Amino acid sequence: MGIPPAAKGLPVRISLFIACYNDTLFPETGKAVVRVLERLGHTVDFNPAQTCCGQMHWNTGYTREAVPIVRHFLEVYRDVEAICIPSSSCVAMIRDHYPKAAEESGDVRFAREVESLLPRVFEFSELLVHHLRVDDVGAVFPHKVTYHASCHSLRSLHLGDVPLRLLRNVRGLELLPLDDIDRCCGFGGTFAIRNADVSSAMLAEKIRSVLNSGAEVCTAVDNSCLMHLFGGLHRQRLPVRTAHLAEILACTADGAGQ
Amino acid sequence: MTAGFPEAARELLRDTQLRRNVEHATDVIRRRRDQAAGEREDWPQLREAGSAIRSHVLENLDTYLLQFEQACSAAGGQVHWARDAEEANRIVLEILTRRQIREVIKIKSMTTEEIGLNAALGSHGISAIETDLAELIVQLGHDAPSHIVVPALHKNRQQIRELFLREMHLDHLGDTAEDLTAAARTWLRRHFLNARAAISGANFLIAETGGVVIVESEGNGRMCLTLPQLLITVAGIEKAIPRFQDLEVFLQTLPRSATGERMNPYNSLWTGTTAADGPREFHVILLDNGRSRILGDREARQTLRCIRCGACQNVCPVYRQTGGHAYRSVYGGPIGAILTPQLHNLERGASLPYASSLCGACYEVCPVKIDIPEVLIHLRSRIVQREQHTFAGALGVWNLGMQAAARVFASGERMETAQKLSRKAQRPFVARSGSIESLPFLLSGWTQSRDLAPIPQESFRAWWARRDKGKS
């Protein structure tokens with residue numbers, strides 16, 4: 001799979017791909033990622049030339065339009081050591097579709113660059129647990145939390161219990177199980193707009209599960225699902241908050257990260 | 001443009017009884033399937049083998065079909081080739097008319113549903129009696145199948161009881177499963193005993209032997225295959241498998257995936273005709289109806305690996321909400337979302353590839369490993385490229401929006417500018433509560449049931465730049 005794990009405890013230089021929607025809509029997630037990684041002694045880089053992974057275009061059928069975006073991504077991250085992405089669907093786009101985009105282009109250099117990129121790409125929780133070999137980041141979060149497994153984290157990245165291991169080591173956090181954890185929340189990118197009725201019905205079911213869990217906070221490794229859940233929870237004025245995993249892990253005893 | 005599924009789904013979502021029925025039935029089958037698949041340690045290998053055999057068949061379909069034709073003919077069967085639905089229906093009609101047959105009994109067959117055979121026969125005064133319990137329910141209710149394996153899954157027992165009372169002209173009927181099947185049995189028995197001809201689909205065509213395989217649960221199939229003198233099988237050309245031995249894979253994966261059974265109660269396999277037993281006359285109609293065109297699309301070809309187990313329908317969170325009728329095709333759910341538009345060369349069902357959140361649950365359960373999400377994206381891209389060639393499509397909101405977004409994503413500077421502009425543009429939509437509760441045009445789909453937090457004043461990149469400056 002990826003490049004060999006970093007030597008435990010030694011600082012690593014990590015290049016952040018924040019993802020376009022996090023950059024614009026959820027800057028707190030990015031700040032939390034920086035806080036966690038720097039607290040663990042690592043160096044974080046952010047190249048402002050970065051934009052998007054191309055997923056929205058690709059998944060909507062604008063595959064030709066996605067290719068320049070993919071090439072731009074490759075250029076931005078050509079020489080970096082390890083890439084941290086706090087969004088499993090972007091990681092899935094890169095792992096599942098970049099090779100195909102390269103293959104279809106018939107451009108050997110493109111294919112080589114994708115090949116060199118893939119082992120350096122890590123989803124945020126994956127980076128912590130698999131690459132940096134940390135599952136306790138010293139966080140404190142005294143709340144009842146339930147974890148929503150996004151479809152990409154589950155079926156493309158096969159994250160398994162990686163995010164849960166991180167959550168279980170958070171001081172004060174009570175982790176509550178979510179029913180039907182393998183069922184989609186109904187976001188699906190443009191699906192939420194194009195098939196708004198079905199998407200809303202799927203969301204209603206997911207919200208019922210979240211309420212049944214008894215949690216105060218619903219977390220995930222994708223802000224896309226969380227934006228969807230927030231949308232429904234907020235519309236119905238329900239008292240459950242949403243927070244990206246990084247935002248929980250950024251919280252410490254001194255109140256930082258809150 | 002792509003109208004169709006969203007509108008049909010909106011209607012069906014209002015039918016709370018139907019949604020409860022679909023939810024309940026798919027939950028039950030899914031649990032059984034998970035258990036039946038889970039108890040096989042070699043399930044991943046079986047999937048791999050199933051996928052490999054089906055792929056191999058598709059790469060060599062011409063060879064295997066000719067081999068089947070030869071073997072089947074040698075065993076006393078008559079093989080016909082049908083280019084499309086019309087041709088297949090005409091062949092069936094000719095065979096039946098020649099023998100002056102007015103009534104045929106049928107085994108559940110999605111292929112004959114696909115070609116609208118019953119209606120074609122009906123218009124020539126021939127009645128086709130469905131003998132599968134679920135198909136009988138669909139037929140008596142003048143309804144359409146909503147699932148590949150369980151076509152009446154959208155109906156519950158009480159609804160079926162009412163239907164039987166009305167259509168079978170009964171005075172009394174209990175509502176247990178036993179009561180309902182007993183009524184169907186009585187109703188069907190006289191048709192079984194009087195029928196001179198039967199029509200079936202096929203689960204598999206064995207190229208090596210010319211044999212045809214049908215698996216079923218009720219025994220109605222066995223009756224149809226053995227009682228009448230004349231048997232007609234309509235099978236899609238993709239149903240071929242190379243050897244008899246290949247059944248060892250599919251007779252394990254199909255029942256476990258479809259109904260969660262280790263084995264189907266009835267597994268029928270016949271080769272041509274046999275003197276003094278079963279039908280005297282046997283016809284196989286090999287149906288193309290768009291399949292060879294699908295075969296020509298390298299990326300979508302895997303669609304034809306399907307063995308019609310319906311497992312993808314039972315796990316699909318979209319199908320779960322709407323049931324199969326929203327797809328307006330005999331093939332609903334994830335497999336229908338890729339198969340239907342392809343069968344119609346994207347001229348019908350163009351909204352179906354979008355009827356998915358790409359959650360991937362279908363791919364995970366597929367016993368022949370069809371990467372349905374990948375095919376969905378491929379079909380979306382074919383639809384997009386076709387639309388871009390039309391005036392309306394090129395100037396449509398989706399295309400313009402996506403082109404604009406692609407230009408924004410070309411550089412970090414452009415993205416920063418776009419972020420600043422969006423922050424200004426959102427102002428009129430931010431409600432007093434501080435969140436966005438109503439958006440115009442396309443985006444109104446989002447706000448029909450969901451709020452949106454406004455774009456924050458500072459993007460991450462702006463924060464980073466500010467922090468960097470502070471450091472130096």
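The C-alpha centres of domain 1 of chain A and domain 2 of chain A lie 22 Å apart, with domain bounds that come from an automatic or database domain assignment. In chain B, the C-alpha centres of domain 1 and domain 2 are 55 Å apart. This is a predicted model, in which local features need pLDDT of at least 70, side-chain atom pairs count only at pLDDT 80 or more, and totals for chains, interfaces and linings use all residues. Residues are numbered from 1 along each chain as its sequence is written, while chains are lettered from A and ligands numbered from 1 in the order in which they are written.

**Chain A overall**

- Chain A has 13 helices and 8 strands; helices (H or I, at least four residues) and strands (E, at least two) are DSSP runs, numbered from the N terminus.
- The C-alpha trace of chain A spans about 50 × 45 × 30 Å along its principal axes.
- A compact globule of 258 residues would have a radius of gyration near 18 Å, and the 18 Å of chain A agrees with that; the radius is taken over C-alpha atoms, and the globule rule is 2.2 Å times the number of residues to the power 0.38.
- Of the 258 residues in chain A, 58% are buried (a residue is buried if 20 or more other C-beta atoms lie within 10 Å of its own, exposed if 12 or fewer, and partly exposed in between, with C-beta atoms placed from the backbone).
- Among contacts in chain A with a separation of 6 or more, 79% are between residues 24 or more positions apart (two residues are in contact if their C-beta atoms, placed from the backbone, lie within 7 Å).

**Domains of chain A**

- Domain 1 of chain A covers 13–131 and domain 2 covers 144–249.
- Across the boundary, 26 residues of domain 1 of chain A are in contact with 22 residues of domain 2 of chain A.
- On the domain 1 side, the elements giving two or more residues are α1, α2, α3, α5 (88–105) and α7 (124–131) of chain A.
- α5(A) gives the most to that side, with 6 residues.
- The residues of the domain 1 side divide into 13 nonpolar, 8 polar and 5 charged (Ala, Val, Leu, Ile, Met, Phe, Trp, Tyr, Cys and Pro count as nonpolar, Asp, Glu, Lys and Arg as charged, and the others, Gly among them, as polar).

**Strand pairing in chain A**

- Strand β5 (residues 144–147) and strand β7 (residues 217–220) of chain A pair in the parallel sense over 3 bridges; two strands pair if DSSP finds at least two bridges between them.
- In this pairing, Tyr147(A) stands opposite Thr219(A) in β7(A).
- β7(A) also pairs in the parallel sense with strand β8 (residues 241–244) of chain A, over 4 bridges, and Val217(A) has Arg241(A) in β8(A) as its bridge partner.

**Leu40(A)**

- Leu40(A) is found in the loop between α2 and β2 (43–45) of chain A.
- With 16 other C-beta atoms within 10 Å, Leu40(A) is partly exposed.
- Not counting residues up to four places away in sequence, Leu40(A) touches Leu132(A), Val134(A) and Val137(A).

**Contact between chains A and B**

- The contact takes 53 residues from chain A and 52 residues from chain B.
- On the side of chain A that touches chain B, α11(A) gives the most, with 7 residues.
- The residues of that side of chain A divide into 25 nonpolar, 20 polar and 8 charged.

**Chain B**

- Chain B is divided into domain 1 (50–292) and domain 2 (397–471).
- Strand β4 (residues 197–200) of chain B has Ala197(B) and Ile199(B) pointing one way and Ala198(B) and Ser200(B) the other, and all are buried.
- Strand β2 (residues 103–106) of chain B runs parallel to β4(B), joined by 3 bridges, with Ala198(B) the bridge partner of Ile105(B).
- β4(B) is also joined by 4 bridges to strand β7 (residues 230–236) of chain B, again parallel, and Ser200(B) has Thr233(B) as its bridge partner.
- Helix α18 (residues 372–388) of chain B is largely enclosed by the rest of the structure, because 12 of its 17 residues are buried.
- The buried residues of α18(B) pack against α3 (55–60) and α4 (63–76) of chain A, together with α14 (311–315), α16 (333–343) and α17 (361–365) of chain B.
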